[in-house]
Amino acid sequence: QAAGGEKWVKSVCRYCGTGCGLYIGVRDGKVFAVKGDKENHNQGFLCLKGFLLPQILTAPTRCLYPMIRKDGKLVRATWDEAMSLVAARFKEAIEKYGPDSVAFYGSGQGLTEETYVANKLFKAGIRTNNVDGNPRLCMASAVGGYVTTYGKDEPMGCYEDIDHADVFLLVGSNTAECHPILFQRIVRRKEKAPGTKVIVLDPRRTPTARIADLHISFKPGTDLAILNAMAYVLVQEGLIDEEFIKNHVTFGEGTEANKSFEDYKAFLAQYTPEKAAEIAGCKAEDIVTAARWFGEKGKASMSMWTMGLNQRTKGVWANNLVHNLHLITGKIGTPGSTPFSLTGQPNACGGVRDGGALSHLLPYGRLIANEAHRKEMEKLWGVPEGTLKPKPGPSTVEMFQKIEAGEIKCVYIMCTNPGQSLPNVGRYRKALQREDVFVVVAEAFHPTRTTELADVVLPAAAWAEKEGVYGCSERRYQLLEQAIPPSGESRPDFEILCDLGRRLGLGHLVPFKTPTDVWNEILTICKGTVYDFSGMTRERLRQAHGILWPAPTADHPGTKRRYVKGEDPFVPADWPHRIKFYGRPDSRAVVWMRPFKGPEEAPDADYPMYYTTGRVIEHWHTGTMTRTCKELVHANAEAVAEMHPADAAKLGVKTGDKVKISSRRGSEVFKVKVTDTSRENLVFVHMHDDQHLCNLITIDALDPISKQPEFKICGVKVDKA
Ligand code: MGD
Ligand code: SF4
């Protein structure tokens, strides 16, 4: 690739779960540009955030040397000083209070190798299951949906399904802003096949809703009623596939899959379109239309969803209800027909979900609570039987509650910014400020709303400065090659973690010299599981533009559609059907009866408006990276409160005025933007602004199954400021 002193290094975008392939242009040891990879799924396209990635590398806020807090201030230290202090404090806590007094909080943006090292070090080395990560805030309900419905996590479809779909059902996904390159692919499909229908279920009239053929706006939290009513119409109008149901589906309620189709029909009787419309504040005929389009015989239907469905106290149930639509119509596992959850982060799937770096998981589909799985991992990791603790650790919010309670004394935070991104963040910021809690933050940027609370800040090499694997929404694993050396004194997270391991006397568990060493071990860990990607050698990943797992042998091309005979290597050739849901013992997926239940905190007399939060196209999450790009800041500088014109008129405010938004947990002042994007009685606030924390207001109530917080709904009052 070298020409005239320049080289182009194959990599992947640092930001969203779309996982666009790109090349990094390097000249004189500096990154000067990126360009889209035409041979990858994104076909050479990148969105603006992706294009502007080079700017983040030289931002004045890059964290370039270690820091230790002394007399209340973070001061420069050497690596040895910082790491000796971290190791000493961890050792002291473990000796005095036991292994569960320390914790690791990771990220769906860490490279697979980094997350693997941390997971092994903490679970098998330190012997604590206090390991969780921000995918808990993001994808946990989607995981819960897949596991309860199919017995195994992760989508069965692929991006290519977009090119074959006749109907798109986008539920709680602002694809246009959060997964722009996939949205563009949907638009291209619509242009190419003019009869293609887009249905958007979203309380807000988002930029995604603007291309919809049918947009159903509803009261936040009521989509469970709408999805059940769609199923009602499908059944009533015979838009179901009885043969598929007979061969591949079973029915369930609660946690037991022991019901019949007749029971399901009786359950649906309470969700007539009229009843659902009354609950949701939408039109019954729109629900009927959505169901008819989705269920039309001979058409391919693809559903996509993200945080609108996942960040809910009924998130797993809502996920189940989307799967139900596919299972009763048989619109699953053929080109263009698939339920497809979009992941938020670039490596939430590959690193954290698949890699098992949550508090209840072990790598590649294994569970902490399962004795056989623990034994298998103990053997693979070469540690004595009984090393792995049988009790799952706390989920993210519960972990910070243990910090608040003084039970966790030391926490290592890597590649995430919980001081800004946790729900009800004021509460957990206080927890991190406890005198007796020692906070280590491995960060590529400083200051952030978390480094400002740290006792030690470890400077991390950023994207392009290190090598490793990312796995995006469609099970595609891709290698990010190192393009330039780390900035300043920063080091790759994997190196820092191995250093910590050695200092804790656990170097034998993390003896890795390079990320390739880690990857080679990972290939042995996934082997024999349904994830099996042991055919994805490092060399192969260097050549390929991503490979979709399973890929169990070096000559296996990867799997576009799971559970499908002829595509998925785990469906036997002599299986009598097209599909085998082998994740469940009876090879049947479950249609769950999930009743409508509202949000944890609906508006009431004291807090009469709905409050919801999320991303905007210009910024990535808490903004530490994108807010260093002048073009992006120019386009969107400050988080605003989007309000419907009728609400603004009632309050007597116009665009640019300030409002104070308060919930039972906290308040913050924002500038107003009056827009019909917002539904009446709903205020939407962006999450990227470190100076205006939308999470002082959000609720930290959790889905009881997935433990994902309800970022998307709470009650607030809005006053003129
Ligand atoms: P990010 O800004 O992505 O947000 O929340 P966070 O993960 O807290 O933080 C990533 C951090 O990693 C940044 O501070 C960045 O500077 C740092 N970093 C970048 N590269 C590296 C590296 O190579 N190594 C290390 N060590 N650090 C690096 C995201 C979270 O927010 C998520 S996933 C979701 S889905 C939630 N969404 C959400 C919402 O919709 N509404 C509200 N109100 N809050 C939300 N919070 C959640
Ligand atoms: Fe990066 Fe996502 Fe944009 Fe693709 S769509 S360039 S992965 S931010």
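**A tour of strands, rings and a ligand site**

Begin with the open sheet of 3 strands, ordered S20-S21-S22 and paired in the antiparallel sense, where strands are DSSP runs (E, at least two residues) and helices are runs of H or I with at least four residues, numbered from the N terminus, and two strands pair if DSSP finds at least two bridges between them. This is a predicted model, in which local features need pLDDT of at least 70 and side-chain atom pairs count only at pLDDT 80 or more, while totals for chains, interfaces and linings use all residues. Residues are numbered from 1 along each chain as its sequence is written, chains are lettered from A and ligands numbered from 1 in the order in which they are written, and side-chain values use heavy atoms, with hydrogens and water left out.

The edges of this sheet are strand S20 (468–471) and S22, each of which pairs on one side only. Select strand S21 (residues 476–480) next: S21 and S22 pair over 2 bridges, antiparallel, and arginine 476 has leucine 548 in S22 as its bridge partner.

Move on to strand S2 (residues 21–27) and strand S3 (residues 30–36), an antiparallel pair joined by 6 bridges. Valine 26 has valine 31 in S3 as its bridge partner, and the hairpin of S2 and S3 has 2 residues between the strands, with aspartate 28 taking a positive phi near 50°.

Now select strand S27 (residues 667–674), which pairs in the parallel sense with strand S25 (residues 640–643) over 4 bridges; there, glutamate 642 is partnered by lysine 673 in S27. Strand S26 (residues 658–662) is joined to S27 by 5 bridges, and these two run antiparallel. S26 and S27 form a hairpin with 4 residues between them, and isoleucine 661 stands opposite glutamate 668 in S27.

Turn to the aromatic rings. The rings of Phe, Tyr and Trp (its six-membered ring) pair if their centres lie within 6.5 Å, and planes under 30 degrees apart count as stacked, over 60 as edge-to-face and the rest as tilted; by this rule there are 28 aromatic pairs. Select phenylalanine 104 with tyrosine 412, a stacked pair at 5.9 Å centre to centre and 25° between the planes. This pair links distant parts of the chain, with phenylalanine 104 in strand S6 (residues 102–106) and tyrosine 412 in strand S17 (residues 410–414), 308 residues apart. Phenylalanine 104 counts as buried because its relative accessibility is 2%, where buried means under 20% relative accessible area, exposed over 50% and partly exposed in between (1.4 Å probe, protein chains only). Tyrosine 412 is likewise buried, at 0%.

Compare tyrosine 563 and phenylalanine 581, whose ring centres are 5.5 Å apart with planes at 70°, so the pair is edge-to-face. Tyrosine 563 is buried at 1% relative accessible area, and phenylalanine 581 is buried at 1%. To see their surroundings, select the cluster that ring pairs build from Tyr146, Tyr150, Phe244, Trp305, Tyr563, Phe570, Phe581 and Tyr582.

Finish at ligand 2, whose surrounding residues (a heavy atom within 4 Å) include Cys13, Cys16, Cys20 and Cys47. Helix H1 (48–51) and helix H7 (180–192) each supply at least two residues of the shell around ligand 2.
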